[in-house]
Amino acid sequence: MKIPFFSCFSSFTKEKNNNNDYPEGQIHNGSFRLFTYNQLKLATRNFHSSEKVGEGGFGSVYKGRLVDGSFVAVKVLSVEVESMRGEREFVAELATLANIKHQNLVSLKGCCVEGVHRYLVYNYMENNSLYSTFLGSEERRMRFNWETRRDISIGVARGLDFLHEELKPHIVHRDIKAKNILLDWNFTPKVSDFGLAKLLRDEASHISTRVAGTLGYLAPEYANSGQVSRKSDVYSFGVLLIQIVSGLAVVDAYEDIERFIVEKAWAAYQSNNLIKLVDPMLNMNFPEEEALKFLKVGLLCVQETAKLRPRMAEVVEKLTNKTNIKDVIISKPGFVADLRNIRIKNQNSPQETGSAGATFASSIWSLANLAR
Ligand SMILES: Nc1ncnc2c1ncn2[C@@H]1O[C@H](COP(=O)(O)OP(=O)(O)O)[C@@H](O)[C@H]1O
Ligand SMILES: [Mg+2]
């Protein structure tokens, strides 16, 4: 049964209704819905602090309950409206994103545009993100046995493969990280936040030439010269995969660059002791060959030369196939030479203090993002 669309529209929608663009009472473009501010206020108990489930580069995220009883996550976009695309383009872009459906992608349900305020409405993911549910403490990691880790890794790879290969035109995610892997009630992983860069005005100059990812997950060519490609997502996926197997933070300490997870994995690989990287919380309860294979696939993904990195389809194949990859040749990984320098350079950059895109860029470059 289809969920009925709510009776009210935002001022934007009403205006469009007059033009018959979005007929009243209809769901706009497939299952995409336009919400009013009041509906979202009601759903989130007036954006009550106890309903807040997270905070990110774009703004705060609240849990909400719609009148039909379903739960949603409402992302309050705190990006200045001037840096955002116009209303019509904004809604059209989101409607397109809402049509992208895959078992391992978070579904966008709709949005709300009211005056200067803009909100995105997603399906609510009961087990929050891989970052908040899995990483950090031993107790958290303990809940994730090998099978769960394997399923999560493969699910994320499939979601990304879908964005890269099945979608026409394809989408480069640009910000693959543990915080953007959400987990539903059943711990099925769902990649979130794909396609968001396009919501910003002048995407090409604000995002592609700067960097929209999170330090530690960034491919060096992307961090250093803004070169974005599917292979830069593959690099980020490799970092994430090594994290899922090892339970390690991406960077242990800001001051100590040697503790970057990719460097640790490469050192272990070179000394023929990759197995020591597997999370001790697994208590040796894991299939050794498979765990080693996952780590090697991770290392293949983070190779310095982008064209040597596998495509996501090959990654899925390697992770799911029973054959092992014992004899594969892995070349040296790419590193962002000095994470701290890049951050400082960007924070001090005069270009980034004046423009509307700067708010977005500097929030992305914030210390919080360096954490894992
Ligand atoms: N659909 C969702 N369901 C449940 N929690 C969510 C959802 N979307 C986001 N969150 C939570 O809100 C946090 C902030 O999200 P976001 O604004 O995308 O920033 P970031 O991805 O940098 O963390 C996420 O890390 C996650 O904990
Ligand atoms: Mg996110």
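**Helix packing and the labels behind it**

Analyst: In this predicted model, α11 and α12 are roughly antiparallel to each other.

User: Why are α11 and α12 called roughly antiparallel?

Analyst: Helices α11 and α12 (residues 312-320) pack at an angle of about 165°, their axes lying 10 Å apart. Angles over 145 degrees count as roughly antiparallel, so the label applies to α11 and α12. The crossing of α11 past α12 is right-handed.

User: Which residues make the contact of α11 with α12, and how do they divide by class?

Analyst: From α11 come Phe294, Val297 and Cys301, and from α12 come Val315, Lys318 and Leu319. By class, this gives five nonpolar residues, no polar ones and one charged residue. Lys counts as charged, so Lys318 of α12 is the charged residue of the contact.

User: How do the residues in the contact of α10 with α11 divide by class?

Analyst: Ala265, Trp266 and Tyr269 of α10 meet Leu295, Gly298 and Leu299 of α11. The division is five nonpolar, one polar and no charged. Gly is counted among the polar residues, so Gly298 is the polar one in this contact.

**Sheet and strands**

User: What is the strand order of the open sheet, and what makes β1 and β2 its edge strands?

Analyst: The open sheet has six strands in the order β1-β5-β6-β4-β3-β2, with mixed pairing. Strands β1 (33-34) and β2 (52-55) are the edges, as each pairs on one side only.

User: How do you know that β6 pairs with β4 and with β5?

Analyst: Pairing requires at least two bridges between the strands. Strand β4 (residues 71-77) and β6 have six bridges in the antiparallel sense, with Ala73 bridged to Tyr122 of β6. Strand β5 (residues 108-114) is also joined to β6 by six bridges and runs antiparallel to it; here Cys111 has Leu120 of β6 as its bridge partner. Both pairs therefore meet the requirement of at least two bridges. In the hairpin of β5 and β6, two residues lie between the strands, and Gly115 takes a positive phi near 60°.

User: How many bridges join β3 to β4?

Analyst: Strand β3 (residues 60-65) and β4 are antiparallel and joined by five bridges. Gly64 stands opposite Val72 of β4.

User: Why is β6 called mostly covered, and which helix lies across β5 and β6?

Analyst: Five of the seven residues of β6 (residues 117-123) are buried. A residue is buried if 20 or more other C-beta atoms lie within 10 Å of its own, so "mostly covered" refers to these five of the seven residues. Helix α3 (residues 87-98) lies across β5 and β6, and runs at about 170° to β5.

**Backbone exceptions in the loops**

User: Is Asp193 buried or exposed, and what sets its phi apart?

Analyst: Asp193 has 22 other C-beta atoms within 10 Å. The cut-off for buried is 20 or more, so Asp193 is buried. Its phi is positive, about 70°, although Asp193 is not a glycine. Asp193 sits in the loop between β8 (189-191) and α7 (203-208).

User: Why is Asn283 called exposed?

Analyst: Asn283 has 9 other C-beta atoms within 10 Å. With 12 or fewer a residue counts as exposed, and Asn283 is therefore exposed. The phi of Asn283 is also positive for a residue other than glycine, near 50°. Asn283 belongs to the loop between α10 (261-270) and α11 (288-301).

User: Which peptide bond is cis, and where is Pro169 found?

Analyst: The bond from Lys168 to Pro169 is cis, with omega near -10°. Pro169 is in the loop between α6 (146-166) and β7 (181-183).

Technical notes
Residues numbered from 1 in each chain as written. Chains lettered and ligands numbered in written order. Predicted model: local features only at pLDDT ≥ 70, side-chain atom pairs only at ≥ 80, totals over all residues. Helix = DSSP H or I, 4+ residues; strand = E, 2+ residues; numbered from the N terminus. Axes fitted to C-alpha atoms, helices over the stretch in contact; angles between N-to-C directions. Parallel < 35°, antiparallel > 145°, perpendicular 65-115°, else oblique. Left-handed = near helix turned anticlockwise from the far one by under 90°. Contact = placed C-beta atoms within 7 Å.
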